[in-house]
Amino acid sequence: LAIEDEGRLNNFTIREHFYTKLFTFARFRRLKEEEPTIKGLIQFQSENKYLLMAYHQTKQKELGNIVANRDQLPIHQVLANYEQILTQAFARAARYTSNINVLSHCFGYVSNRLTPKEKGFFLDSLEQYRQQKVPLSVPLHILTAYVIRFEEDYLAKQTFFSPYPRQLVSISDSGKGRDG
């Protein structure tokens with residue numbers, strides 16, 4: 001369950017994790033409620049691939065194996081197994097190093113179409129994020145612009161770029177610092 005103390009939601013990192021977990025689980029719940037199919041679960045896994053990779057790469061691979069359903073289990077059992085691992089994957093907030101890994105993977109989709117200056121600009125923003133000089137949103141938005149520019153449909157559907165509604169985005173923070 002996505003449960004958090006209201007006071008702790010003043011912390012930017014905790015709030016981001018809470019919203020991401022809340023909306024990911026809501027999308028999964030909708031999948032379960034709407035005559036679930038393996039095809040629907042494959043689509044869910046596909047659209048959440050990079051978000052899951054950011055949260056827990058090992059669990060992301062386990063979820064992929066569950067979706068593959070090599071044992072031909074009934075859909076209700078597949079969903080139960082998937083939900084158990086999904087819960088484990090979101091037990092903690094994504095680490096900034098995992099976000100860098102995901103951003104680098106996604107950058108690979110567009111990097112060969114960028115000028116050297118554009119590549120350098122993105123890589124510099126990634127380095128600034130690594131050094132905790134800018135928030136995740138900086139390299140994320142630069143990469144989003146490239147995804148839109150080059151019409152990378154697969155990346156455009158990735159929840160990593162927008163895991164919850166933009167109306168909930170707030171840059172306010174309690175001042176406790178950034179962990180993710």
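Rings of Phe, Tyr and Trp (its six-membered ring) count as a pair if their centres lie within 6.5 Å; planes under 30 degrees apart are called stacked, those over 60 edge-to-face, and the rest tilted. By this definition the structure holds 13 aromatic pairs. The model is predicted, and local features need pLDDT of at least 70, side-chain atom pairs count only at pLDDT 80 or more, while totals for chains, interfaces and linings use all residues. Residues are numbered from 1 along each chain as its sequence is written, and side-chain values use heavy atoms, with hydrogens and water left out.

Two of the pairs are listed here.

| Pair | Distance between ring centres | Angle between planes | Class |
|---|---|---|---|
| Phe 25 and Phe 90 | 5.9 Å | 80 degrees | edge-to-face |
| Tyr 50 and Tyr 109 | 6.5 Å | 90 degrees | edge-to-face |

Helices (H or I, at least four residues) and strands (E, at least two) are DSSP runs, numbered from the N terminus. Phe 25 lies in helix H1 (residues 12-33) and Phe 90 in the loop between helix H5 (75-89) and helix H6 (96-110), so their pair ties together parts that are 65 residues apart in sequence. Buried means under 20% relative accessible area, exposed over 50%, and partly exposed in between (1.4 Å probe, protein chains only). Phe 25 is buried at 13% relative accessible area, and Phe 90 is buried at 0%.

The pair of Tyr 50, in helix H3 (residues 49-55), and Tyr 109, in helix H6, also links distant parts of the chain, 59 residues apart. Tyr 50 is buried, with a relative accessible area of 3%, whereas Tyr 109 is partly exposed, at 29%.

Phe 18, Tyr 19 and Tyr 164 form one aromatic cluster.
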